[in-house]
Each structure stands twice: as structure tokens, then as C-alpha cells.
Amino acid sequence: MKRILIIEDFKDTIDLIKNVLEDDNELYFATTSKEAFEILQNNPIDLVITDLKLPDTSGLEILKIIKNLDPKISVIIVTGYGSITSAVDAMKNGAFDYLTK
């Protein structure tokens, strides 16, 4: 069973991800980076799925911080605003994958 942190600010997207992943995984949810880092400090996490655009920061900033904290945590960035530049930045900074919604 994987422990997955989903960082997303839209309820519909959270519900969709939850429906797909909840049966075989332990899921944690955050809508801001502050909530996400509280979860990361208090729980062992295997995978982070984060939106690129969040109310208080970007998924790229979250990626950089997570990789500095624990490089073993895989991070997938998901966005509705994909660009080649942000995809390249994500991969250069250690993202496992970069997906467009």
C-alpha cells in the first residue's frame, strides 16, 4: 500500500483522484503548501501528486522543497496550464512525471 499526498485546490479533481486511488492506497489531501508540509512532517509519504498552480505557491516550488527534504519521495506534477518550459523545469528538478489535465 502506497502513502500518497495529493495537493490540489479543486474539490472535483480531489474527488476524481480519490475515486481512482483510494482502494489500494493510503491517501492524504492538502489544498495549500502549508497543509502539505504539515502532512509531510507527520507522515511517511511515498508519492506526492501536486497541481502546478496552487493558491499559495507553485507545484515547482513544492517539488524543490520535497526533493531537498527527502529525494526518495516521488513527485508527479499535474496541470491544466501545461507548457514546455514548466515541464522541462519539473523534470530537471526531479519530478517523476508531468501530466496535463
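This is a predicted model: local features need pLDDT of at least 70, side-chain atom pairs count only at pLDDT 80 or more; totals for chains, interfaces and linings use all residues.
Let's start with helix α1, residues 11-21, where T13, I14 and I17 are buried.

Now let me step back to the whole chain. How many helices and strands does the protein chain have? The secondary structure comes to four helices and five strands. Reading along the sequence, you get the pattern β-α-β-α-β-α-β-α-β.

A compact globule with 101 residues would have a radius of gyration near 13 Å, and the protein chain has 12 Å, which agrees. Along its principal axes, the C-alpha trace spans about 35 × 30 × 25 Å. Of the 101 residues, 42% are buried. If you take contacts between residues at least 6 apart in sequence, 53% of them join residues at least 24 apart. As for the surface, the chain exposes about 5900 Å², and carbon and sulfur atoms supply 53% of that area.

Next, the interior. In soluble globular proteins, nonpolar side chains tend to be buried together. In this model, the largest nonpolar core has 23 residues, and L5, L40, V48, I66 and I77 have the most contacts inside it. Which elements supply at least two residues each to this core? They include β1 (2-7), β2 (25-30), α2 (33-42), α3, β4 and α4 (84-92). Apart from that core lies another one, of eight residues, among them I4, L47, I49 and I76.

Leaving aside its neighbours within four places in sequence, V48 is in contact with L5, I7, L40, I66, I73, S74, V75 and I76.

On to helix α2. Its buried residues are S33, A36, F37, I39 and L40. Seen down the axis of α2, these residues fall within an arc of 155 degrees, so they line one face of the helix. The face turned away from that buried side carries K34, Q41 and N42, which are exposed. Covering the buried residues of α2 are elements including β1, β2, β3 (47-51) and α3.

Just after α4, G94 takes a positive phi of about 100 degrees.

Is N25 buried or exposed? With a relative accessible area of 17%, N25 is buried, because the cut-off for buried is under 20%. Its side chain reaches the backbone oxygen of L21 at 2.9 Å. Not counting residues up to four places away in sequence, N25 touches M1, K2 and I4.

The other one is D70. Where is D70? You'll find D70 in the loop between α3 (59-69) and β4 (74-79). Its relative accessible area is 26%, so D70 is partly exposed, a class that runs between the 20% and 50% cut-offs. A polar atom of the D70 side chain lies 3.0 Å from the backbone nitrogen of K72. And if you want a distance to check in your viewer, D70 and N42 are 28 residues apart in sequence and 13 Å apart in space, C-alpha to C-alpha. You'll remember N42 from the exposed face of α2.

Key: Residues are numbered from 1 along each chain as its sequence is written. Side-chain values use heavy atoms; hydrogens and water are left out. Buried means under 20% relative accessible area, exposed over 50%, partly exposed in between (1.4 Å probe, protein chains only). A polar contact is a pair of N or O atoms within 3.5 Å; within protein, one must be able to donate a hydrogen and the other to accept it, and residues adjacent in sequence count only if both atoms are side-chain atoms. A nonpolar core is a set of buried Ala, Val, Leu, Ile, Met, Phe, Trp, Tyr and Cys residues joined through side-chain atoms within 4.5 Å. Contact means heavy atoms within 4.5 Å. The radius of gyration is taken over C-alpha atoms; the globule rule is 2.2 Å times the number of residues to the power 0.38. Accessible areas come from the Shrake-Rupley method with a 1.4 Å probe; for residues, only the protein chains shown count as cover. The arc is that of the directions from the helix axis to the C-beta atoms.
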